[in-house]
Amino acid sequence: MGKPANIFVCQSCGSVHGKWAGRCDACGEWNTLVEEIAAQNAPKGNKRKKSRGIEFVDLGGISEDLPRIDMGIAELNRVTGGGLVPGSALLIGGDPGIGKSTLLLQAAGFTAKKGIKTAYISGEEATAQVRRRAKRLGLADSPVHLAAETSLGPILDGLMENKPDVIIIDSIQTLWSDQLGAAPGTVAQVRACAQELTRYAKKRGACVILVGHVTKDGQIAGPRVVEHMVDAVLYFEGDRAGQFRILRAHKNRFGPTDEIGVFEMGESGLSEVENPSAMFLDGRGEAASGAAVFAGLEGTRPVLTEIQALVAPAAFGTPRRAVVGWDSGRLAMVLAVLEARCGVSFGGKDVYLNVAGGLKINEPAADLAVAAALASSVFDTPLPADSVVFGEISLSGDVRAASRTDARLKEAAKLGFKRAIAPAQKSETQKKPNNLLPLIAIKTLPELISRVEAFAEG
Ligand code: TYD
Ligand code: MG
């Protein structure tokens, strides 16, 4: 009898196939079938030996918290929840050229100078290139242990011998393990290397920072497979052409995920931005009518964007409704509610709506910001420049609470805004932390309209 063939398992739905195919019949996903050793083919004769078992403890026990490692960059410390945690792994993702290597070299320079043994392993740049960058950043005299290597075996051996406390791997996509047949950068390699390094960090109490490049569609290449392994995932984002960068925590086992760090890329590396509102309002210019700042959520992450509206007399018979970055059906609804409940007429007028910065918003909480921008344009009155707007509008004209109000307010406060035009929070008596913003509580859409009219009168 011949040996049974290996099986092919879909990595998306888990269904088992007898032979490889480009597409899984069961779930329709492409390129998800992976060969696995059939149980019958597994090496025989190694029957599991009886182990000593696991030891159970209770939740109330005392475990000593190791002190966090200060990285010398306040914004970076904040996003990690107060510094690096020994025995943990961290992933920093971002587009190529956004400044990940620069940020981490600056952090490494600081920790090494403080006497914490720090290793910087570059798989992308030669040591000469990293040295040149270090010189430019004024870190040439910092005792960082630098190496250029892409093979996992020598890296782990080197770490075992050298025993650094902070290890920076730039980047995880360049690493490869000779235990695997797959090419560097493939999901299998990225996963295997990240797993080995994470295990090393836990075992030795070191802190491993992995750099990961993000693909065009915003995924870390070799993507989610690494995210669940590490203790924290940070994203470094921003416009590569511009000089500002935002670092966001996407996941953090040791701290909050709604903190952001703001940086400016300059001649001598990244510097922290002390007053982010200045940078944000800089692009916005003078308070103009028809603009409202929406405090939104992108997935779980709060993001502020400017919503611009223009209401103008229609040049031709049928008025135009043009929308960029938002749902046109939703705009029609907000216009209808404004007409029916507030008596603001859009008949015979063109309406243009634009979300600045090319973002696409699909959150109902943007309703109130859209309504505020429209009203501001209709009454030709700028909204206060220091306020953000959010809230969902129902057909009756009521304004409903948005999810995660605190996260939005926190982000707005972080970016320098002073107040929020938003639905009243469920329990207004609840004592709020004073880093949140005062609310201009709006219960119905007519209330918003009278507010905007009041701004016109000063
Ligand atoms: P880098 O850290 O290499 O990006 P990543 O590792 O995310 O790919 O940053 C590269 C960019 O930063 C590059 O375009 C040059 C710019 N830069 C400065 O403007 N000033 C500096 O001091 C440094 C070191 C880089
Ligand atoms: Mg780099």
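**Figure 1. The largest cavity of the predicted model has a volume of about 60 Å³.** This is a predicted model, in which local features need pLDDT of at least 70, side-chain atom pairs count only at pLDDT 80 or more, and totals for chains, interfaces and linings use all residues. Residues are numbered from 1 along each chain as its sequence is written, chains are lettered from A and ligands numbered from 1 in the order in which they are written, and side-chain values use heavy atoms, with hydrogens and water left out. A cavity is a set of points, on a 1 Å grid over the protein atoms alone, where a 1.4 Å probe fits but cannot get out. Grid points are joined across faces, edges and corners, and a volume is the space filled by probe spheres set on the points. The structure holds two cavities of 30 Å³ or more.

**Figure 2. Strand E4 (residues 88-94) gives the most to the lining of the largest cavity, with three residues.** Lining residues have an atom within 4 Å of a grid point. Among those around the largest cavity are Arg 68, Thr 80, Leu 84, Asp 231, Asn 252 and Phe 254. By class, this lining has six nonpolar, four polar and two charged residues. Ala, Val, Leu, Ile, Met, Phe, Trp, Tyr, Cys and Pro count as nonpolar, Asp, Glu, Lys and Arg as charged, and the others, Gly among them, as polar. Strands (E, at least two residues) and helices (H or I, at least four) are DSSP runs, numbered from the N terminus.

**Figure 3. Ligand 1 takes up the space of the second largest pocket.** A pocket is an open set of grid points with protein on both sides within 12 Å along at least five of seven lines. A molecule sits in one if more than half of its atoms lie within 2 Å of its grid points. The second largest pocket has a volume of about 280 Å³. Its lining counts 19 residues, with Gly 99, Ser 101, Thr 102, Arg 133 and Met 265 nearest its centre. H2, H3 and E11 each give two or more residues to this lining. H2 gives the most, with three. The lining divides into four nonpolar, eight polar and seven charged residues.

**Figure 4. Ligand 1 has 16 residues around it.** A residue is near the ligand if one of its heavy atoms lies within 4 Å. Gly 97, Ser 101, Thr 102, Gly 266 and Gly 269 come nearest. Helix H2 (100-113) gives the most to this shell, with three residues. The shell has four nonpolar, seven polar and five charged residues.

**Figure 5. A cis peptide bond joins Asp 170 and Ser 171, with omega about 0°.** Ser 171 is in the loop between strand E7 (166-170) and helix H5 (187-204). Lys 163 is not a glycine, yet has a positive phi of about 50°. Lys 163 lies in the loop between helix H4 (152-162) and E7. Most residues other than glycine have a negative phi, and most peptide bonds are trans.
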